Amino acid sequence: MEGSPVVEEKHLVSPQGLENDDYFVLRIDTPNSLTEKERDDNYSNNYEPLLSSRETESLVALCDTLLPSLHVYKDRVVDDSLAQLYRTSASMNGIPDQVAKMMFLKTEHPKQLLVRLTLWFLSTWIGTLVLCGKTCLSTQFPYVQKFSRISAKKREEILVSWSLSYFFLLRMLFRALKSVIPLAYFTQVNEKNENPCWKAIDYCGPDPDFTKQLQHSINTETFFGPLYKGIVHLNKPHNIIAEALQRSRLSISIPRYPTKHFKNPKAPSMVIKCDAVVVGSGSGGGVVAGVLAKSGYRVLVLEKGNYHARSNLSLLEGPSMDDMYLGKGLLATSNMEAMILAGSTVGGGSAINWSASIKTPVHVRNEWSEYYDLELFKSKLYEETLNVVCERMGVQSEVKDEGFNNMVLRKGCEELGYPVDNIPRNSSPDHYCGWCCLGCKDGRKKGTSETWLVDLIESGNGTILPGCEAVEVIHSRKKGRDRSTAKGVLFEFIHQDGTKQVCFAESKVTIVACGAMCTPHLLKKSGLKNPNIGKNLHIHPVVMAWGHFPPGSWPEAEKKSYKGGIMTAMSTVVADFKGSGYGAVIQTPALHPGMFSALMPWVSGSDFKARMSKFSRTAHVFALARDKGSGETHSKTSITYKMDVTDEENLKRGLEKSLRILAAAGAEEIGTHNNKGKTLNVKKVSYHEFECFVREESSRALRDLSTPICSAHQMGSCRMGVQAKGSAVNPTGETWEVEGLYVADTSVFPTALGMNPMITVQAIAYCTAQSVLESLRRMKDTFYDI
């Protein structure tokens, strides 16, 4: 835009808004907005190195130890791309700088200071002696070498010793470095969106069909996604914002005396009025928003992430994790024991999940109803709600063409006589896409951004504000009342001039659906004191086994580990549904090169690159436990979790079955993600050797940072109950402390579910929406008409 456009007075408030003298019409001159390049240039001009030169020296040495430049023998490596992979070290690709940004700029973690101290210690001879022991000793003066001066072979020995160390902090340090450095190495792309290592590991990058789709896309919805008419970016001029909101029957006002009603030092620059404000657009918030809007109520959805639909997707692992995952995909528990994956985009987890759409298991419904006295879950209403949700999401169980990992899981189970079933999915039978963890390229995976949020937009009663983070739920208590009443949500966004601004969404009811990781933090910041908020966090811990199927063997050559429907088969061989109800299910993951490299064991640079060269033909199968153990969310970045002994045993049983499944399916080589990195060539060993290997690898401890634990499902951190003493919300989803404040996400689960939670959270959210509707109908309309 050029010049300084003047905002018309009529665009700022509705005429009825003038009746309230707390607001007035403001004439605004909007300055020229900074372009993206200008912001980048400003950042570059003011850029200060994240690390000191000494810290950088240590980080470079660590990166090149994990991913070194290796001499290539022509008689052993015949492929030029593979030779390049071996010859290219981390520093040759600029990885240390990327790692520094990932560890100290892109994310926050309680142990960041520990990593920086370690880098500084390793830049000194005394620090290196303490952390590395006698390996750093030399026969030449000064007889003790700092880490960067130690030979590459000895540095490898040091990292292996850290991975197996008696000292927990050293194991934790190794886990942090091992997770981030390979992730950066295999996800970094150049200006052409290419990575020089991908050809060597037989990875094509973004889905080739997606590129063709963009070239031939002429339909507006196909190009921009179905929500484009209802997405409003607040970094635009106020007149554009006001017009967009008015189309959805919402209004914008400018406070005359902003500090009069808010304790927050940053007073709101705008007030948006609605019937209901929903914080979060995932499987909980999206459902509530759609139901309320279709019922005629004015709904405002606040989403911290951005809108990435179809043409807006990159389908690149690194950028997609940055843009669509909580904590840039780098979230972990405080002790690095578990890696946490959660969605942070319009559509939430449903935009990047793996399509599994499984109804709440009967034994879980019975437990929630009988043990926790939550009658809803055994009611006919809940059964009908499950059917309504599945119908809206297009759930079906057929699969036309199965992908690599699921073919392996199914064949292995059939060979062994283990139960194996099709997984219901919210996608069509022919949806053969391995990139859905990075967003759905064609909308055939029916997440909330393709279903419930579409209902919101098509109703004409709602708007979605991306890039807006809720700061505080505003509530007040009238004299003589024992509970306060929710008034709306204060939220922040980045304005077009680069400044952070605060707005207030004033509403009759407030629904918080930020997910189990973020909802407790918002409620605590809003002054809620219930001791159950943030506790009882369950994460469905996952451990994996892998099997290599060389080219030329089954499955056929065109099958790759990263292609095909992510989840189409599942085994309940160790689920114990008819017993305790606490076991493990066996399924398959989506692993593109970055996550694959972050999880695969490292015992040396050459061994690791050899493992990576087998990427496209290495199948993974995992065990997911319904965990009795629990944790706590202390803040957005501080998460603690303690695995129960029972959970560990269930995962070990699942891991043992997973190894057997891979071998029975025909894998030539099998292994786990344990730090020792042991493998077995199934074709060259006896039955006794195979049994010994499976028993040994599946019996290793899982709670000591020796094996990576992953989590893609988090729940229970604001659990539902019938008494405030043991829960954070009542059976309708309303908080015990604040009237008109509801929670509608996985955090309300009374226990772990033991299955993929999308359908369950949508069903609960649908029921919560009915309670909200009843509340709205009872309320006297105290707002002006728009």
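This is a predicted model: local features need pLDDT of at least 70, side-chain atom pairs count only at pLDDT 80 or more; totals for chains, interfaces and linings use all residues.
Residues are numbered from 1 along each chain as its sequence is written, and side-chain values use heavy atoms, with hydrogens and water left out.

**Exercise 1.** Determine how the buried residues of α7 are placed around the helix axis.

Solution. 
1. Helix α7 covers residues 152-163; helices are DSSP runs of H or I with at least four residues, numbered from the N terminus.
2. Its 12 residues reach 17 Å from first to last C-alpha, close to the 16 Å expected at 1.5 Å a residue (1.5 Å times one less than the number of residues).
3. Arg155, Glu156, Ile158, Leu159, Trp162 and Ser163 are the buried residues of α7; buried means under 20% relative accessible area, exposed over 50%, partly exposed in between, with a 1.4 Å probe and protein chains only.
4. Viewed down the axis of α7, these buried residues fall within an arc of 160°, so they line one face of the helix; the arc is that of the directions from the helix axis to the C-beta atoms.
5. The partners against which they pack are α2 (53-66), α5, α6 (125-132), α8 (168-187) and α21 (605-613), where contact means heavy atoms within 4.5 Å.

**Exercise 2.** Classify serine 161 as buried, partly exposed or exposed.

Solution. 
1. Serine 161 belongs to helix α7.
2. Its relative accessible area is 38%, so serine 161 is partly exposed.

Technical notes: Helices (H or I, at least four residues) and strands (E, at least two) are DSSP runs, numbered from the N terminus.
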